[in-house]
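Hi there,

Here is the structure I promised to pass on. Please have a look at it first, and my notes follow below.

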Amino acid sequence: MNDWPFVSVLISTKDRRPDLARALASLAVQDYPRDHFAIVVVEETAAPAPPASVTYVPIPREGRGFGYTRAVALRHARGPLVAFIDDDCIAEPSWLRELIAPLQADRDILGVAGAVRVRAAGALGICENILGFPGGGLNYLVRAGGRLVDTQYLSTCNCAYRLEALQRVGGFPEIAPFGGEDYLVGRRVSRLGRCVYTPHAVVYHKPRGTLGADFRWFIRRGRQEVWLLRYYPDVSGLRARDLVRTSIVLRAGVVAGIARLIGFPIAGALGVKPAVD
């Protein structure tokens, strides 16, 4: 790559400083010129602690959600491109270069989603990734077959946009109580122009690791989809049948079923002691 565009890498975080430190360590070894990208960390905290070599933006602990924190981060972005990674993800050294490559190669591409995998995960974490979460998981990776493919679904755990495209759609909704702001923005930007998924820009997401954590995530995801359907029906693309297809019970049941087949101790994962005769 001869012409390195400047990129702002945006991270939202809250109460996960060990995870954040690992994410920042992975960004420190990117094979992308360090003077051509900046890192912006927005942290909801009552005790600010700025990491080194980043633009650090502490905000009050008001529980306003990721839509708000991403909007704050976007206001501190500079340069023509912005990339997003979760605080509990670790990026491959080639991540930023591979994520930006499609935007650099084709001016008509407005957004890029990358691959989300898990590493050093137990059986439950592997089940999560097979089923396609977080960020599409192995489902997206396998379907891409090593190629760029068009997509409307860009997760902020691993994606990049042209800043001008985000500005044209109004950025992130600051009121998004259950998340889903990244889904909404992805759909809006893909209406303006082409967005693609690349299997070559890889991050490793921390697995949730317990069925209890999975159930809590499913509950929040279900509330998110109902909220999107109610307030953004023209953009969300969701229908009532989609809510059935993606229901908490059905997905959690599939996770439990796969885990059972491969011998994962379901009761132990939920913290339930088996009955003793």
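Some housekeeping before the rest. This is a predicted model, so local features need pLDDT of at least 70 and side-chain atom pairs count only at pLDDT 80 or more, while totals for chains, interfaces and linings use all residues. Residues are numbered from 1 along each chain as its sequence is written, and side-chain values use heavy atoms, with hydrogens and water left out.

Salt bridges

The structure holds 15 salt bridges, each being a side-chain nitrogen of Lys or Arg within 4 Å of a carboxyl oxygen of Asp or Glu. Side chains of opposite charge can pair when their charged atoms come close.

Glu-164 has Arg-107 as a salt-bridge partner, at 2.5 Å from N to O. This pair links distant parts of the chain, with Arg-107 in the loop between α3 and β6 and Glu-164 in helix α6 (residues 163-168), 57 residues apart. Helices (H or I, at least four residues) and strands (E, at least two) are DSSP runs, numbered from the N terminus. Arg-107 counts as exposed because its relative accessible area is 53%.

Asp-87 and Arg-16 form another salt bridge, and their closest N and O atoms are 2.7 Å apart. Here too distant parts of the chain are linked: Asp-87 lies in the loop between β4 (81-85) and β5 (89-91), Arg-16 in the loop between β1 (7-13) and α1 (17-27), and the two are 71 residues apart. Asp-87 is buried, at 2% relative accessibility, whereas Arg-16 is partly exposed at 31%. Together with Asp-88, these two residues are linked in a network of salt bridges.

A further salt bridge joins Arg-194 to Asp-106, with 3.9 Å between the closest N and O atoms. Arg-194 sits in strand β9 (residues 194-205) and Asp-106 in the loop between α3 (95-105) and β6 (109-117), 88 residues apart. Arg-194 is partly exposed at 36% relative accessibility, and Asp-106 is partly exposed at 25%.

Strand β6 and its partners

β6 is mostly covered, with 8 of its 9 residues buried. The strands β6 and β9 run parallel and are joined by 8 bridges; two strands pair if DSSP finds at least two bridges between them. Val-116 has Val-203 in β9 as its bridge partner. With strand β8 (residues 158-162), β6 pairs in the antiparallel sense over 3 bridges, and Gly-111 stands opposite Tyr-161 in β8.

Cores and helix α7

The largest nonpolar core has 32 residues, and Tyr-161 and Val-189 are among those with the most contacts inside it. Such a core is a set of buried Ala, Val, Leu, Ile, Met, Phe, Trp, Tyr and Cys residues joined through side-chain atoms within 4.5 Å. A second, separate core of 30 residues includes Val-116 and Leu-103.

Val-189 is also one of the buried residues of α7. Because 9 of the 12 residues of α7 are buried, this helix is largely enclosed by the rest of the structure. Helix α7 (residues 181-192) reaches 17 Å from its first C-alpha to its last, close to the 16 Å expected, which is 1.5 Å times one less than its number of residues.

Best wishes

Notes:
Buried < 20%, exposed > 50% of the residue type's maximum accessible area, 1.4 Å probe, protein only.
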